[in-house]
Amino acid sequence: MADSADDDYEYRIKEGAYVVLKRGQVFKAVQILPKKKVIFEKQWMFMDNAVGHLYGSAFEILSGGHLQPYKPKDTENPSDAKEAGTDNRNIVDDGRSQKLTRDDIEALKEQGLKGQEIIQQLIDNSSTFEHKTEYAQHKYIKKKKKKYENTLVILRPSCRILAMMYHGREPGKICHLRYDTLAQMLTLANIHAGSKVLVFETCAGLVLGAVMERMGGYGSVIQMYPGGGPVRAGVENFGFPSHFHATLHEFPICHVNALLAGTLDTTAKDSTADEKHISMVTKEEQNQPEAEEQGSSEEQSMDTDAADDVGQDQEKMEKEKRREAKAQERKVKLEEKSKKLAAAAALLEGKNADGLVIASRFHPCPVLLGLLKFLSPSRPFVVYSQYKEPLIDCYTKLKEQGGTVNLRLTDTWLRHYQVLPNRTHPVLLMSGGGGYLLSGTTVATDRSKPAGSQRSEEPAPKRQKLKDTEG
């Protein structure tokens, strides 16, 4: 029994873990913290009671925001005992079919009736429910469950679930990257454990987290980031253990040219911080004589108090300690940043990366041409863009430059289907487009000869001479 408990511990919800709340097709990523109020679908709740349960468990929201494990009753469909009509031609939607008013429904909630019981009351007080067809009755019940049932499911974060969450809630943050397109990117880039992968993305860390999940904590991932620092909000929602983060490195994209030229200085410090520190010191030196003059004038006045002077001295000492602590923290951060930069540069200098993944809102052509130099021959790369025009530019440049084969520009298409008895058909609402992918494979080229002169130097084929034979 102890072994089975240890096996289940990995799949149980723990305090401080990141989880995904699901209701219908709506998702939200939250962290389980004690006595923290979480708002989901206009309802607030506390996640304390979810600790210890298995992932995928359903919970019911009680009064006061507390969670209780949801146990579905045997009478799940209240319409089973009801008769169904043949068609809906005589049903008129005039708003008079429901006898219960909004005040009556609120009174039922105050009496303690739960979602299933309220739905049963709505069915009993509907004058047109019996005349609806069986399919219309199921549709009516499904609609009322979505409105009155206070249930949710707690899921373990994964690449697919988080991609569906971002695409449904905030698609602009991930450049409208759909989850099927993300799956194709991981496949085309041949992401696997033990590989060295370069990732350049501006999708809130979703692509980076998907690559780390596929690698399973083995190998190394180098995040090439623009701006002052990397964005990893999506990576935090995955809830990776600490050894996953040990494989993650970061390198600013603005230092790529310096690294290729061999002029990168990894020991350089932040000059702006030094200038700020020097200016602060000069200001303190200028303020010292002013403080001395104020002190002399206060000594001459009759209303001076010794206790006030002691309090001012203590405040000055505290301010100096705070400044020293901030300066020390800034120094430690700069040292850590320089160490990370040196470690990432050491991985890139070998130019033996196993894959390249690009998905950003910037034009990918200069980034792709610069980062391809760090890949080993016969290694895959994939570029995502919401529009096809930037990828067409990349395709043309790669064809002119050479060094790549098997270039393919593809468009992803996805459609959901409703699979129910006698009601199987495509879902009416679907995504208009999942973006475009440019994929290919690097090859070794002869750097001594330009790519365009290979065909011109090829000799013309010679004709075979035929000898005349006598007789």
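Visitor: Are Phe240 and Phe244 buried or exposed?
Guide: The model is a predicted one, and the burial classes used here rest on relative accessible area, with buried meaning under 20%. On that scale Phe240 and Phe244 are both buried.

Visitor: How are the rings of Phe240 and Phe244 arranged, and which aromatic cluster do they belong to?
Guide: A search of the whole structure finds 4 aromatic pairs. The ring centres of Phe240 and Phe244 are 5.0 Å apart and their planes lie at 0°, so this pair is stacked. The aromatic cluster is formed by Phe238, Phe240 and Phe244.

Visitor: Which lysine has its charged end over the ring of Trp44, and at what distance from the ring centre?
Guide: A lysine over an aromatic face is found at Tyr9, where Lys14 lies 4.9 Å from the ring centre. Over the ring of Trp44 sits the charged end of Lys37, and its distance from the centre is 4.8 Å.

Visitor: Which elements do the buried residues of α6 pack against?
Guide: Helix α6 spans residues 179–188, and its buried residues are Asp180, Thr181, Leu182, Met185 and Leu186. These buried residues pack against both helices and strands, namely α5 (159–169), α7 (206–215), β11 (355–359), β12 (380–385) and β16 (436–442).

Visitor: What is the phi of Asn190, and is this residue buried or partly exposed?
Guide: Asn190 follows α6 and lies in the loop that leads from α6 to β8 (196–201). Its phi is positive although the residue is not a glycine, with a value near 55°. Because its relative accessibility is 46%, Asn190 counts as partly exposed.

Visitor: Where is Ser378, and what is its relative accessibility?
Guide: Ser378 is placed in the loop between α13 and β12, and it has a positive phi of about 60° without being a glycine. Ser378 counts as exposed because its relative accessibility is 52%.

Visitor: At what angle do α13 and α14 pack, and how many nonpolar residues does their contact have?
Guide: Helix α13 (residues 364–371) packs on helix α14 (residues 388–401) at an angle of about 35°, with the axes 9 Å apart, and the crossing is right-handed. From α13 the contact takes Pro364, Cys365, Leu368 and Leu369, which meet Pro390, Leu391, Asp393, Cys394, Lys397, Leu398 and Gln401 of α14. By class, this contact of α13 with α14 has 1 polar residue and 2 charged residues, while the number of nonpolar residues is 8.

Visitor: Why does Thr151 count as buried, and which residues does it touch?
Guide: Thr151 is in strand β7 (residues 151–155), and it counts as buried because its relative accessibility is 18%. Leaving aside residues up to four places away in sequence, Thr151 touches Arg23, Phe59, Glu60 and Tyr70.

Visitor: What percentage of the contacts with a separation of 6 or more comes from residues 24 or more positions apart?
Guide: The secondary structure of the chain comes to 14 helices and 16 strands, and buried residues make up 33% of its 471 residues. Among the contacts in the chain with a separation of 6 or more, the part accounted for by residues 24 or more positions apart is 70%.

Methods
Residues are numbered from 1 along each chain as its sequence is written. This is a predicted model: local features need pLDDT of at least 70, side-chain atom pairs count only at pLDDT 80 or more; totals for chains, interfaces and linings use all residues. Side-chain values use heavy atoms; hydrogens and water are left out. Buried means under 20% relative accessible area, exposed over 50%, partly exposed in between (1.4 Å probe, protein chains only). Helices (H or I, at least four residues) and strands (E, at least two) are DSSP runs, numbered from the N terminus. Contact means heavy atoms within 4.5 Å. Rings of Phe, Tyr and Trp (its six-membered ring) pair if their centres lie within 6.5 Å; planes under 30 degrees apart count as stacked, over 60 as edge-to-face and the rest as tilted. A charge sits over a ring if NZ of Lys or CZ of Arg is within 6 Å of the ring centre and within 35 degrees of the ring normal. Axes are lines fitted to C-alpha atoms, for helices over the stretch in contact, and angles run from 0 to 180 degrees between N-to-C directions. A crossing is left-handed if the near helix is turned anticlockwise from the far one by less than a right angle, and right-handed if clockwise. Ala, Val, Leu, Ile, Met, Phe, Trp, Tyr, Cys and Pro count as nonpolar, Asp, Glu, Lys and Arg as charged, and the others, Gly among them, as polar.
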